[in-house]
Amino acid sequence: MKKRAVSMVILTLWLLAMMPTARADSPVGKWSGTARGAGLKMSASASFRAGGSCSLSAGGYSASGSWSGGSIHVSAMGHSATLSYSVSGDRMTISGSYKGKRGSMSLSRRSGGDEGERAQQAASRKPYGKWGCADSENGMTYEMCLYSDGWLLWSEANEQESESRLQDALKGALADVKKVPDSAEDLVELITQTQKSNVYGTKLVVTDKHLEIAPLAQDADAPTLWAAYWDAKKGVWAIPYTVEAGDLSLFPESDATLLFKKKGSVDAKPESELFLSHVALKRGDRGEAVRQLQEKLIAAGHLEAEENAADGIFGKKTQKAVQAYQAEQGLTVDGIAGGEMRLRMTQ
């Protein structure tokens with residue numbers, strides 16, 4: 001009996017040692033620190049849960065995945081990677097490579113698993129990303145992109161009007177042989193021309209209960225849906241919202257509630273031309289807007305047209321290319337691609 005009791009104690013201790021709880025040498029919990037890679041240094045954070053799932057963030061980008069036995073497998077936007085991690089007390093190092101480029105994170109423990117889980121849940125309620133809504137009652141479709149750097153892109157279209165325009169265009173083409181599309185590409189172009197949307201770009205501040213939306217210009221147009229929510233004192237449309245179970249509701253306590261479904265993630269800054277004169281790009285920024293800037297710098301001869309030159313990462317080379325363009329154009333040489341410079345590059 002004594003031997004059996006000793007064996008049970010040993011087995012219990014072994015099982016406890018193998019469980020992924022928030023021990024000093026376990027990654028479970030919330031972490032923060034810095035990430036290095038591609039010549040950049042940026043803030044980073046990570047959250048590891050006892051169930052084996054995790055999420056990593058750096059430079060405004062996030063990836064989710066799973067962890068076990070010193071390895072992390074993460075994926076984001078169709079790409080995946082396997083990383084390694086090591087924990088020593090309240091210090092963690094994560095390292096790995098992607099497409100030949102190495103990177104690492106040096107993190108410090110901020111909290112245990114329960115607190116980290118709550119923080120993760122709070123982050124999931126943030127509305128940033130791309131959202132879509134189809135309102136069948138009035139035949140409208142809506143799409144909005146909320147950018148964490150403080151911008152919103154809103155588009156809306158009347159599907160019934162678009163269908164009517166398409167029918168009229170096709171009837172006109174059939175009535176006049178000269179207007180009949182010659183190819184599939186011409187047919188797509190004809191359809192695109194009839195699918196008209198109203199598009200609006202604004203500034204954005206996200207609070208716990210409202211999207212505070214400010215016009216980019218004093219006389220800028222805005223959706224009629226927003227009119228009742230204008231706050232004259234603040235100079236913003238204060239749109240009430242909630243995020244629950246992965247869905248975003250606008251005007252949740254009114255008869256005109258719109259339910260948006262998540263369609264994907266977006267960069268921290270918008271790439272739309274509506275924002276060209278308002279959004280400045282600087283070292284450390286990432287995304288499509290940066291990639292477009294790099295393409296223009298390559299075309300202007302200030303950034304070498306080598307492989308992966310337009311990688312969407314505003315690093316040292318891009319900063320030097322921006323400075324060279326600014327000097328050439330007689331602009332303030334600060335290495336920041338501001339509105340004036342970005343507009344000039346489109347001319």
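Lys234 is exposed, with a relative accessible area of 54%. Exposed here means over 50% relative accessible area, buried under 20%, and partly exposed in between, computed with a 1.4 Å probe on protein chains only. The structure is a predicted model, in which local features need pLDDT of at least 70, side-chain atom pairs count only at pLDDT 80 or more, and totals for chains, interfaces and linings use all residues. Residues are numbered from 1 along each chain as its sequence is written, and side-chain values use heavy atoms, with hydrogens and water left out.

Lys234 forms a salt bridge with Glu212. The term covers a side-chain nitrogen of Lys or Arg within 4 Å of a carboxyl oxygen of Asp or Glu. In this pair the closest N and O atoms are 2.9 Å apart. The bridge links distant parts of the chain, 22 residues apart. Lys234 sits in the loop between strand 14 (230–231) and strand 15 (236–244), and Glu212 in strand 13 (residues 210–215). Helices (H or I, at least four residues) and strands (E, at least two) are DSSP runs, numbered from the N terminus. Glu212 is buried, with a relative accessible area of 17%.

The whole structure holds 10 salt bridges. Another of them joins Arg291 and Glu288, with closest N and O atoms 2.7 Å apart. Both residues lie in helix 5 (residues 288–299). They are 3 residues apart, about one turn of the helix. Arg291 is partly exposed at 28% relative accessible area. Glu288 is also partly exposed, at 26%.

Lys317 bridges to Glu306, and here the closest N and O atoms are 3.0 Å apart. Lys317 belongs to helix 6 (residues 316–329) and Glu306 to the loop between helix 5 and helix 6, so the bridge ties together parts 11 residues apart in sequence. Lys317 counts as exposed at 55% relative accessibility. Glu306 counts as partly exposed at 38%. Elsewhere, salt bridges that share partners join Lys130, Glu143 and Lys263 into one network.

Thr318 touches Gln294, Leu297, Leu303 and Ile313, not counting residues up to four places away in sequence. Contact means heavy atoms within 4.5 Å. Just after helix 6, Gly330 takes a positive phi of about 75°.

The whole structure contains 10 aromatic pairs. Trp230 and Trp237 form one that is edge-to-face, 4.8 Å centre to centre with 65° between the planes. Rings of Phe, Tyr and Trp (its six-membered ring) pair if their centres lie within 6.5 Å; planes under 30 degrees apart count as stacked, over 60 as edge-to-face and the rest as tilted. Trp230 is partly exposed, with a relative accessible area of 40%. Trp237 is buried, at 10% relative accessibility. Both tryptophans belong to a cluster linked by ring pairs, together with Tyr142, Trp154, Trp226 and Phe260.

The count of disulfides is 0, a disulfide being a pair of cysteine sulfur atoms within 2.5 Å. Cys54 is buried, at 1% relative accessibility. Cys145 is buried too, at 8%.

The chain has 7 helices and 17 strands. Of its 347 residues, 35% count as buried. Among contacts between residues at least 6 apart in sequence, 45% join residues at least 24 apart.
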